[in-house]
Amino acid sequence: MNYETRFPLFRLFIRLSRETRTRALWKFLFNFLFRGSLSARSFKKRQAAGDKFPAFIVISITNECNLSCRGCWNTPTRPPVRLSTDDLNSIIMRTKKKGSLFFGILGGEPLMHPGLFDVIASHPDCYFQIFTNGTMLDDAAAAKMRDLGNVTPMISFEGDERVADERRGGIDIYAKTMEALRVCSRNGLIFGTATSVCKNNIDALVSDDFVNRMIGEGVHYIWYYIYRPVGADPAPELALNEDDILRLRSFIVDARTRFPIGVVDAYWDHEGRALCPGALGISHHINPSGGVEFCPPIQFVRDNIADFASLDELFEKSEFLDRFRGFASDATSGCVILECPEELMSFLESENASDGSGRGSAFEALAQSRRFPGHHIPGKEIPERHWFYRFAKKRFFFGFGGYG
Ligand code: SF4
């Protein structure tokens, strides 16, 4: 079915009001949209006053996972490394005090953390986006999310049957992912899919067919990411070239004017200029060991939450993050791990940064990494065409930087 419409936003709101439970819709409108816009505004005020606490925190709560995806930065260990519920509640409480109430929850597979739903239940005034592979998202988990209301699952979607199994290192992953979408839909959740666009799925995922299929499955937003060849199995052959990235950008801008579904990116502003959420201090990442990283794919640390009296003290005093933001802003408007791996290596060495990956091989991998095109393509900017996305990006910029 073709869901194209001349009024995509109005049609999307109609979908949300018809397809989701009232509690989920209320929490989305109030905790995420209304309070989220206040958070973005208070962040700008804080930044103008020299306060370095980011607008949003992205937290990897565990390194446990039941899959082993190519290009994933996470490495499971036995026993697993998890942030305790006390640490999570403390991070959330300090961040709330700064006026920020939105949290990106990653893993590994966050649904494997036994304390996840207790933590979410403890903060009904916040909004949580769970990045999940969907294979553990059954009706019981969805029912908990439905009753909480302040949580939206975002399910990784990497392509058709063959690509999904190949990329995710599992069996029947495509079928399990599709089932997770149906579980979310029948439980009246607000939910999305996350796609890490690469060479072997760009034709499938950057297409009207994919968008229509997601709308047909009840998906409310699609978050498009550019594949980064990182982790234990970086698969550099999957990285996109400049034309692929321009094709992706052009499709995103166009799809926003035609389809009743949210289309999200964390790379470009309203004029199509590249930006990096980490370099702008909009978001930073806390790994399962409590290490604070510039962003999830760049697994190098100097600061740990355990070494500071509070999270605000950490962000206030972290010279590493301060210099990292400066270095990244000078190096490129785009993505330093794609576009400037050698400079990144020299910077990290000069900072005596430590390998936060848990593999002990992150420096070696970075040393072997080559330059790849990123989303900073000067002279080929593609501005937003839909008024709402222009307004949102100009005013609030909802690139929370999850995967970065
Ligand atoms: S992945 Fe790249 S663009 Fe994203 S936050 Fe990290 S450095 Fe910036």
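## Strand β8 and its partners

In strand β8, Ile 286 is the bridge partner of Ile 59, and the strands concerned, β1 and β8, run parallel and are joined by four bridges. This is a predicted model, in which local features need pLDDT of at least 70 and side-chain atom pairs count only at pLDDT 80 or more, while totals for chains, interfaces and linings use all residues. Residues are numbered from 1 along each chain as its sequence is written, and side-chain values use heavy atoms, with hydrogens and water left out. Strands here are DSSP runs of E with at least two residues, helices are DSSP runs of H or I with at least four, and both are numbered from the N terminus; two strands pair if DSSP finds at least two bridges between them.

With strand β9 (residues 291-293), β8 pairs in the antiparallel sense over two bridges, and His 285 has Glu 293 of β9 as its bridge partner. The two strands β8 and β9 form a hairpin with four residues between them, and in the turn Gly 290 has a positive phi of about 90°. Both faces of β8 are covered, since Ser 283 and His 285 on one side and His 284 and Ile 286 on the other are all buried (buried means under 20% relative accessible area, exposed over 50% and partly exposed in between, with a 1.4 Å probe and protein chains only).

## The sheet as a whole

The open sheet has ten strands in the order β7-β6-β5-β4-β3-β2-β1-β8-β9-β11, with mixed pairing. Its edge strands are β7 (262-264) and β11 (303-304), each of which pairs on one side only.

Within the sheet, β2 and β3 run parallel and are joined by four bridges, and the bridge partner of Phe 103 in β3 is Phe 128. Strand β3 is mostly covered, with six of its six residues buried: Tyr 127, Gln 129 and Phe 131 lie on one side, and Phe 128, Ile 130 and Thr 132 on the other.

Strand β6 (residues 221-226) runs parallel to β7, to which three bridges join it, and Ile 222 stands opposite Val 263 in β7. Gly 262, also placed in strand β7, has a relative accessible area of 11% and is therefore buried. Leaving aside neighbours within four places in sequence, Gly 262 is in contact (heavy atoms within 4.5 Å) with Leu 12, His 220, Tyr 221, Ile 222 and Tyr 389.

## Helices against the sheet

Helix α3 (residues 85-97) lies across β1 (56-60), β2 (102-106), β3 and β8 (283-286), and runs at about 175° to β1; such angles, from 0 to 180 degrees, are taken between the N-to-C directions of axes fitted as lines to C-alpha atoms, for helices over the stretch in contact. Helix α7 lies across β4 and β5 (192-197), running at about 160° to β4.

In helix α5 (residues 139-148), the buried residues are Ala 141, Ala 142, Ala 143, Met 145 and Leu 148, and these pack against α2 (22-48), α4 (116-121), β3 (127-132), β4 (151-156) and α7 (173-186). Just after α5, Gly 149 takes a positive phi of about 85°.

## A partly exposed phenylalanine

Phe 13 lies in helix α1 (residues 8-19) and counts as partly exposed because its relative accessibility is 39%.
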